[in-house]
Amino acid sequence: MAPPPQAMLQQSTLSNQRWVKANLIVDDGGDTTLLIHEGVKAEGLFEKNGTLPDLASTDNAEFQIVLTIIKDGLKTEPKRYHKMKQRLVGVSEETTIGVKRLYQMQANGTLLFPAININDSVTKSKI
């Protein structure tokens with residue numbers, strides 16, 4: 001299954017030399033944050049025993065796209081997401097779904113870097 005244009009754009013952005021130097025994610029929906037977290041997890045398994053992400057492990061079409069991007073990247077740059085994780089100082093998230101996912105990661109002890117819920121921030125005014 002070929003990733004849709006939005007996923008291809010996201011992957012292209014993450015590979016862009018300017019983004020490679022970024023140290024903060026400003027996320028809207030949590031897609032980039034999810035991609036990095038799942039990428040770090042997959043890279044660990046790949047390094048340990050050569051395991052590649054299994055698209056059949058989920059029936060969620062969007063998550064299958066995430067796994068496809070990670071799987072394809074492991075072949076060319078097996079430490080891409082670890083490098084990003086080391087550089088990142090945090091993420092800001094605006095959407096309810098993205099914030100909920102971040103809270104779940106925090107509760108599970110799997111959140112890789114600090115996060116801020118923009119909806120609870122005084123810098124966001126609602127008129």
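The side chains of Lys-83 and Glu-77 meet in a salt bridge at 3.8 Å, N to O; the term denotes a side-chain nitrogen of Lys or Arg within 4 Å of a carboxyl oxygen of Asp or Glu. The model is predicted: local features need pLDDT of at least 70, side-chain atom pairs count only at pLDDT 80 or more, and totals for chains, interfaces and linings use all residues. Numbering starts from 1 along each chain as its sequence is written, and side-chain values use heavy atoms, leaving out hydrogens and water.

Glu-77 also pairs with Arg-80, with the closest N and O atoms 3.3 Å apart. Arg-80 is buried at 11% relative accessible area (buried, under 20%; exposed, over 50%; partly exposed, in between; 1.4 Å probe, protein chains only). Glu-77 is partly exposed at 28%, and Lys-83 is partly exposed at 46%.

The whole structure holds five salt bridges. One of them joins Lys-79 to Glu-47, with the closest N and O atoms 3.1 Å apart. This pair links distant parts of the chain, 32 residues apart: Lys-79 lies in the loop between H4 and H5, Glu-47 in helix H3. Helices are DSSP runs (H or I, at least four residues), numbered from the N terminus. Lys-79 is partly exposed at 28% relative accessibility. Glu-47 is exposed at 57%.

Ile-70 touches Leu-35, Glu-38, Gly-39, Ala-42, Pro-53 and Tyr-81, not counting residues up to four places away in sequence. Contact here means heavy atoms within 4.5 Å.

Definitions and conventions
Helices (H or I, at least four residues) and strands (E, at least two) are DSSP runs, numbered from the N terminus.
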